[in-house]
Amino acid sequence: MQGDQAEKKGKVKKGWLAVRVGQAQAEQQGDGFRRFVIPIAYLYHPLFQRLLEAARDTYGYNSAGPLWLPCSVDEFLRLRALVDRETAHSHSSSHRVHAGGHQQLAYSRAKITS
């Protein structure tokens with residue numbers, strides 16, 4: 001995947017965005033934050049928009065450097081997988097959504113906002 005390659009190299013290609021993921025507890029425990037590179041299109045997805053709102057509430061607007069997302073790495077990876085799956089599914093099936101997808105999205109929204 002192009003995003004994984006960019007994570008390793010430290011460079012961000014046009015159309016991609018570097019983010020730092022982690023929670024304050026992780027930094028206090030010495031785990032720190034983890035860097036990911038995501039497509040800018042993710043920022044328009046409703047689940048990512050909720051995460052961006054949480055980032056605004058946690059860190060405010062006046063932060064220098066990369067965008068910090070206040071969730072655990074595991075939560076971020078689940079969110080990224082959901083968005084990837086939903087995006088791939090919508091491209092392959094003319095925007096139809098399976099009923100099971102709604103349950104997964106509702107669960108993810110609850111996890112992100114808590």
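**The strands and their aromatic rings**

Author: Strands here are DSSP runs of E with at least two residues, while helices are runs of H or I with at least four, both numbered from the N terminus. Two strands pair if DSSP finds at least two bridges between them. Strand β1 (residues 16–21) and β2 run antiparallel and are joined by six bridges. With β3, β1 runs parallel, and three bridges join the two. Opposite Val21 stands Leu69 in β3.

A word on what you are looking at: this is a predicted model, in which local features need pLDDT of at least 70 and side-chain atom pairs count only at pLDDT 80 or more, while totals for chains, interfaces and linings use all residues. Residues are numbered from 1 along each chain as its sequence is written, and side-chain values use heavy atoms, leaving out hydrogens and water.

The score called pLDDT is the predictor's confidence in each residue, from 0 to 100. Its mean for the protein chain is 74, with 62% of the residues at 70 or more.

Now to the rings. Rings of Phe, Tyr and Trp (its six-membered ring) pair if their centres lie within 6.5 Å; planes under 30 degrees apart count as stacked, over 60 as edge-to-face and the rest as tilted. By this rule there are five aromatic pairs. In one of them, the ring centres of Phe33 and Trp68 are 4.4 Å apart and the planes meet at 50°, so the pair is tilted. This pair links distant parts of the chain, 35 residues apart: Phe33 is in the loop between α2 (24–28) and β2, and Trp68 is in strand β3 (residues 67–69).

How covered are these residues? Buried means under 20% relative accessible area, exposed over 50%, and partly exposed in between (1.4 Å probe, protein chains only). Phe33 counts as buried at 14%, whereas Trp68, at 24%, is partly exposed.

Another pair is Phe36 and Phe76, with ring centres 4.6 Å apart and planes at 40°, so this pair is tilted. Because Phe36 lies in strand β2 and Phe76 in helix α4 (residues 73–92), the pair ties together parts 40 residues apart in sequence. Phe36 is buried at 0%, and Phe76 is buried at 0%. Together with Tyr42 and Phe48, Phe36 and Phe76 form one aromatic cluster.
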